[in-house]
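Visitor: I'd like to talk through this model with you. Could you start with the sheet and then move to the pocket?

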Amino acid sequence: MTIFVENEIHTEFPFDPLEVASRVAEAVLDAEECPYETEINVLITDDEGIRVYNREYRGIDSATDVLSFPNVPFERPADFSAAEQSEADCFQPDSGELILGDIIISCDRVRGQAEAYGHSQKREFAFLVAHSMLHLCGYDHMEPGEAAEMEDRQEKVLEGLNITRQISD
């Protein structure tokens, strides 16, 4: 797996975002039985930056905690055969890796939500990566059943990594 983390605002966290994002992304891909090596991009910005992306790409003029931009046109969650049908658009020509998509995270929301939920910034960041990775694997949460399934999958991944709701980073 290749994961690129760009911190466009040069903010600092009490953990290594690349290490956490890599561990969480790998755990999600293992849980979803992804048969490919993948490429994922993570951009860390602030509330104003994510608001611009949200407005530009989704037509919603407000900040949010995380945005997900899947590259694979999934018909069913985690059915990676969809990538094979769009091979030219889905695979990195040089490495052969599946280009899964892009994740944008607001550092302001990581900090604020960690404080509001009473857990560490690392836990909140990991949760947002897990949530977004499931979107990149074709999951959604528009219906109550879908939301419950995503929540269950997110929690299992984080528990498996021992990234709990404890306060310590």
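Guide: Four strands make up an open sheet of mixed pairing, in the order β1-β2-β4-β3, where strands are DSSP runs of E with at least two residues, helices are runs of H or I with at least four, both numbered from the N terminus, and two strands pair if DSSP finds at least two bridges between them. This is a predicted model, in which local features need pLDDT of at least 70 and side-chain atom pairs count only at pLDDT 80 or more, while totals for chains, interfaces and linings use all residues. Residues are numbered from 1 along each chain as its sequence is written, and side-chain values use heavy atoms, with hydrogens and water left out.

Visitor: Which strands are at the edge?

Guide: The edge strands, each pairing on one side only, are β1 (2-7) and β3.

Visitor: And in what sense do β3 and β4 pair?

Guide: β3 pairs with β4 (residues 98-106) in the antiparallel sense over five bridges, and P70 has G101 in β4 as its bridge partner.

Visitor: Which strands does α2 touch?

Guide: Helix α2 (residues 47-58) packs on the sheet against β2 (38-45), β3 and β4, with its direction at about 40° to that of β3; contact means heavy atoms within 4.5 Å, and angles run from 0 to 180 degrees between N-to-C directions of axes fitted to C-alpha atoms, for helices over the stretch in contact. α6 lies across β2, β3 and β4 as well, running at about 140° to β4.

Visitor: OK, pocket now: what lines the largest one?

Guide: Its lining includes R58, D65, F69, P70, H131 and H135, and β3 gives the most, with five residues.

Visitor: How much space lies in there?

Guide: The largest pocket holds about 260 Å³, a volume being the space filled by probe spheres set on grid points joined across faces, edges and corners. On a 1 Å grid over the protein atoms alone, with a 1.4 Å probe, a pocket is an open set with protein on both sides within 12 Å along at least five of seven lines, and lining residues have an atom within 4 Å of a point.
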